[in-house]
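Work through the exercises below with the sequence and the structure side by side, trying each task before reading its solution.

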Amino acid sequence: MSSAIASFKLFRPDSPLRNTVGIFVLTTLFYFVGAELRLVEALSLFWPLNGVMAGVFARYAYLNRLHYYAVSYVAMLMYDAVTTSWGIASVVINLSNMVFIVIVALLVMRDKRLLKGRPDPINALRLFNYCLIAAVFCALLGAFGSVGIDSKTFWPLFADWFSEQFSTGVLIVPCMLTVKMPQRLIPSLPAPEKCLPVLALIISVVASVVIGGAGSLAFPLPALIWCAVRYSLPATCLLTFLTGAVEVILVANSIINIAVATPLSTPLMFSARLGIATMAICPVMVSVSVAAINSLIKQVSLRADFDFLTHVYSRSGLYEALKREEAHRHPRYLTVMLLDIDYFKSINDNYGHECGDRVLATFAQKVQKVVGEEGMVARMGGEEFAVVVNSGDARKGIELAERIRVSIANHPFIWRQQTLFITVSIGLGSGKSESWQLTEVFTRLMAEADDYLYRSKKAGRNRTSARLSDDLIVAEPESGT
């Protein structure tokens, strides 16, 4: 069930009919929601349609086609034709909706192309600006179309249009760009301490209702910033949207009284919407900043744990991986291999360090391919590598080492039309280990593997040496080359 939910998609790049139906249904649905929240004859208290559709078109690049925009516009006209008697005014009003949708979608997609979608606080600020620009053009056209069906003059209508489009755009578009399909139909309950930011957010909204006044609109801001620090970017955007939408509705119904002695008027609604929109961008910017910092920390951590040249574990990264494995509560039979590329210095001397680097990278990937998921490969320094596997017994460890040795010997390296035959000497150490003493046993087996690596080199290189029993040393001669 969870995989089916995760794989469900409303839109698909290879399904024009599905996309057309999806756009038509979404447009009609959110037009209905906005129409049910009428504040005055022509305008809605909260108009989610434009923000939702702008987010949809910005998120799915393959929907940015003229015919898909036309489908959304036709859905708006059809809804008005059934539910209103606006006539030609409907054409202009809904064209203003499309102006907002198209401007925001195209500007966000331009950012995606330039910045490749990486989290960046500037992106959040740009989104704020894009909603501002789109709201201005939408309000100019929408106010012009609304003059004939409303008693207000142009500029009061412009103020209503602009504040409504700007506030809903800032609240909804970030949510639409980041929302994800849940992995499970019924999500698991979070730990109680993780709910504290949401609890603080609810209390702050209640305080806004109880205390009132213009400053009460900013009461949820500290709680939203707390949410931004503790939760993911999609969750922060969703909570910001819900908080802003609730505040707009509470203000409009005088439940949050921002002017105790004066009934709600258009200028107050204009100010309230702009204040809420300005507040909403702060937690989004904080959340995007946190996402950028976490991404940077992850990259730094990866660079510390992995060797940049060969893309296998570094020495320190291997120890960290073994420490993580200590959490698995079961014993294992560990085989540690030390591998040394034979006569590697002559490769650097005769062909240059660039060739030597390429040899190291190719060698590491070949070893990783042979080891597969059975174990871990690390570069310990220079041309020396380590392999750690849960082999089951010493003989299986030797067999794996031989597969590595033969694989390297049988695959020559090509450098600038020259063929280089590379061999490797291997020493092994094997022994049983409890999970909690994994790093301790690894250190001991490394010393044993180093001793047998020396024996392989002394015996003529291109060999695998190991202790198969207490009184038997195995030194495999060259084979398969």
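**Exercise 1.** Determine whether Arg-467 is buried, exposed or partly exposed, and find its salt-bridge partner.

*Solution.* Start with the cut-offs: buried means under 20% relative accessible area, exposed over 50%, and partly exposed in between (1.4 Å probe, protein chains only). At 28% relative accessibility, Arg-467 therefore counts as partly exposed. Next, look for a salt bridge, that is, a side-chain nitrogen of Lys or Arg within 4 Å of a carboxyl oxygen of Asp or Glu; Arg-467 forms one with Glu-448, their closest N and O atoms being 3.1 Å apart. Glu-448, at 15% relative accessibility, counts as buried.

This is a predicted model, in which local features need pLDDT of at least 70 and side-chain atom pairs count only at pLDDT 80 or more, while totals for chains, interfaces and linings use all residues. Residues are numbered from 1 along each chain as its sequence is written, and side-chain values use heavy atoms, with hydrogens and water left out.

**Exercise 2.** Which parts of the chain does the salt bridge between Glu-354 and Arg-416 tie together?

*Solution.* The closest N and O atoms of Glu-354 and Arg-416 are 3.3 Å apart. Glu-354 belongs to helix α14, whereas Arg-416 sits in the loop between β4 and β5, so the bridge joins parts that are 62 residues apart in sequence. Arg-416 is exposed, with a relative accessible area of 58%.

Notes
Helix = DSSP H or I, 4+ residues; strand = E, 2+ residues; numbered from the N terminus.
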